[in-house]
Amino acid sequence: AKPSGKDFTSLQKAVQAMQDNIWGVDTDKRFNAVREASVWGGRKFTHGVEYTQRVVGANPDGVWGGASVKAHDATTARIQKALLLLGYSPGKIDGVWGSGTEKAYQAARKEFRG
């Protein structure tokens with residue numbers, strides 16, 4: 001991935017990726033795990049429940065329960081705030097990965113991943 005002129009390490013921090021300002025495979029995989037675990041996305045775990053739990057900061061016990069959902073929603077809110085600060089409008093900062101967040105994420109990904 002090409003380096004961007006903007007500092008988007010706040011997005012990387014939100015998904016516990018290396019904060020190197022390069023949107024590479026690791027950053028992409030972490031965002032996909034959060035997106036797929038959302039109710040809006042139909043809750044898929046392509047990378048596994050434990051991996052997704054580590055990304056959102058939940059106990060990686062392999063059980064997607066209330067604590068995992070709460071951690072996911074807090075991570076999504078951090079992503080929404082970071083997107084907004086970078087000039088992308090995710091809509092309401094509510095911890096729900098909906099269409100506004102998806103649109104903002106896709107625009108950021110296009111800019112930063114190249």
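Colleague: Quick one on Asp28: buried or exposed?
Modeller: Buried. Bear in mind this is a predicted model, but Asp28 comes out at 8% relative accessibility. The cut-off for buried is under 20%, so Asp28 qualifies.

Colleague: OK, and which helix is Asp28 in?
Modeller: Asp28 belongs to H2, the helix covering residues 25–36.

Colleague: What is Asp28 in contact with, leaving aside its neighbours within four places in sequence?
Modeller: Trp23, Tyr105, Arg109 and Arg113.

Colleague: Which side chain does the Asp28 side chain make a polar contact with?
Modeller: That would be Arg109, side chain to side chain, at 2.7 Å.

Colleague: Switching to H5. How far does that helix reach?
Modeller: H5 runs over residues 99–113, 15 residues in total, and reaches 20 Å from first C-alpha to last. At 1.5 Å a residue you'd expect 21 Å, so the span is close to that.

Colleague: Which residues of H5 are buried?
Modeller: Thr101, Glu102, Ala104, Tyr105, Ala108 and Phe112. They're on the same side of H5, because the arc they cover around the axis is only 165 degrees.

Colleague: And what do those buried residues pack against?
Modeller: Three helices: H1 (9–14), H2 and H4 (66–85).

Colleague: What about the face turned away from the buried side, which exposed residues does it carry?
Modeller: Ser99, Lys103 and Lys110 sit on that face of H5.

Colleague: Last thing, back to Asp28. How far apart in space are Asp28 and Gly87?
Modeller: They're 20 Å apart, C-alpha to C-alpha, with a sequence separation of 59 residues.

How values were computed: Residues are numbered from 1 along each chain as its sequence is written. This is a predicted model: local features need pLDDT of at least 70, side-chain atom pairs count only at pLDDT 80 or more; totals for chains, interfaces and linings use all residues. Side-chain values use heavy atoms; hydrogens and water are left out. Helices (H or I, at least four residues) and strands (E, at least two) are DSSP runs, numbered from the N terminus. Buried means under 20% relative accessible area, exposed over 50%, partly exposed in between (1.4 Å probe, protein chains only). Contact means heavy atoms within 4.5 Å. A polar contact is a pair of N or O atoms within 3.5 Å; within protein, one must be able to donate a hydrogen and the other to accept it, and residues adjacent in sequence count only if both atoms are side-chain atoms. The arc is that of the directions from the helix axis to the C-beta atoms.
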